[in-house]
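User: I'd like to learn how to read a few features in this structure, one at a time. Could you take me through them?

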Amino acid sequence: MGNVYVFDHPLIQHKLTFIRDKNTGTKEFRELVNEVAALMAYEITREMPLREVEIETPLMKAKCKVLAGKKLGIVPILRAGIGMVDGILKLIPAAKVGHIGLYRDPETLEPVHYYSKMPTDIGERELIVLDPMLATGGSASAAIQALKEMGAKNIKFMCIIAAPEGVGRLQKDHPDIDIYVAAVDEKLDEKSYIVPGLGDAGDRLFGTK
């Protein structure tokens with residue numbers, strides 16, 4: 001069964017306050033989202049395996065550690081997930097980036113998968129799916145299902161703010177997926193916005209309405 005990890009690190013919580021604040025402008029909002037994504041990635045990668053190599057320092061030969069095991073892939077859900085990519089790439093520049101696009105059908109309200117472009121070795125990578133918000137969970141669940149159908153075997157989901165409804169949907173649809181989040185908020189409102197939330201993450205990242 002996948003687990004839910006809520007990161008209560010003081011730096012994450014401090015930055016999250018300003019992400020929520022309606023007076024935070026687009027430039028600062030974008031920077032803060034990337035900073036929180038980087039801090040969360042630092043925590044998510046804590047268990048990555050290491051192997052020993054021998055190098056030469058300016059003084060002598062030494063045995064040191066480098067990352068081992070599966071390579072990392074990050075998959076933002078378009079469009080808001082893009083806002084979390086650069087923060088992670090600063091920490092792990094060798095990670096490959098895939099993209100997956102979904103929109104909600106206005107009639108059925110179900111997510112429709114319209115675009116995907118993935119690394120060719122998706123089945124050999126540890127994937128982190130990114131979306132700032134986990135509201136109803138429909139888009140996240142559909143994205144993860146699409147990745148599984150493409151051959152992905154090791155997937156984590158990372159968001160900044162989640163609603164209990166979205167967490168429950170993801171746990172029901174994909175019980176094998178671990179969920180990493182900076183905050184689980186109170187609920188969804190009648191328009192399926194997370195409250196207290198932060199508004200529309202895509203609009204605030206890209207300056208649209």
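User: Let's start with contacts: which residues does A38 touch, not counting residues up to four places away in sequence?

Analyst: First, some ground rules: this is a predicted model, where local features need pLDDT of at least 70 and side-chain atom pairs count only at pLDDT 80 or more, while totals for chains, interfaces and linings use all residues. Residues are numbered from 1 along each chain as its sequence is written, and side-chain values use heavy atoms, with hydrogens and water left out. Contact means heavy atoms within 4.5 Å. By that rule, A38 touches G87 and L91 once residues up to four places away in sequence are set aside. A38 itself sits in helix α2; helices (H or I, at least four residues) and strands (E, at least two) are DSSP runs, numbered from the N terminus. A38 and D86 lie 48 residues apart in sequence, with 8.3 Å between their C-alpha atoms.

User: Is A38 buried or exposed?

Analyst: Buried means under 20% relative accessible area, exposed over 50%, and partly exposed in between (1.4 Å probe, protein chains only). A38 has 19% relative accessibility, so A38 counts as buried.

User: How do I read a nonpolar core, and which residues have the most contacts inside the largest one?

Analyst: In soluble globular proteins, nonpolar side chains tend to be buried together. A nonpolar core here is a set of buried Ala, Val, Leu, Ile, Met, Phe, Trp, Tyr and Cys residues joined through side-chain atoms within 4.5 Å. The largest has 35 residues, and those with the most contacts inside it are I19, M40, I88, L130, M158 and I160. Elements giving two or more residues to this core include α1 (10–20), α2 (26–44), β4 (71–78) and α3 (85–91). The biggest contribution to this core comes from α2, with 8 residues. M40, leaving aside neighbours within four places in sequence, is in contact with F7, I12, M158, C159, Y180, V181 and A182. A second, separate core of 24 residues includes I77, A143, A162 and V181.

User: How do α1 and α2 pack?

Analyst: Axes are lines fitted to C-alpha atoms, for helices over the stretch in contact, and angles run from 0 to 180 degrees between N-to-C directions. The angle between α1 and α2 is about 155°, with their axes 10 Å apart. Angles under 35 degrees count as roughly parallel, over 145 as roughly antiparallel, 65 to 115 as roughly perpendicular and the rest as oblique. The two helices α1 and α2 are therefore roughly antiparallel. Residues making the contact include L11 and I12 of α1, and F29 and L32 of α2.

User: At what angle do α4 and α5 pack?

Analyst: Helix α4 (residues 138–149) and helix α5 (residues 164–173) pack at about 25°, with their axes 9 Å apart. They are therefore roughly parallel to each other. G138, A140, S141 and I144 of α4 meet R169, L170 and D173 of α5.

User: What is the count of disulfides?

Analyst: A disulfide is a covalent bond between the sulfur atoms of two cysteines. The rule used here asks for a pair of cysteine sulfur atoms within 2.5 Å, and the count comes to 0. As for individual cysteines, C64 is partly exposed at 28% relative accessible area, whereas C159 is buried at 0%.

User: Which peptide bond to a proline is cis?

Analyst: Look at V195 and P196, joined by a cis peptide bond with omega about 0°. P196 is in the loop between β13 (194–195) and α6. The bond from L78 to R79 is also cis, with omega near 5°, and R79 lies in the loop between β4 and α3.
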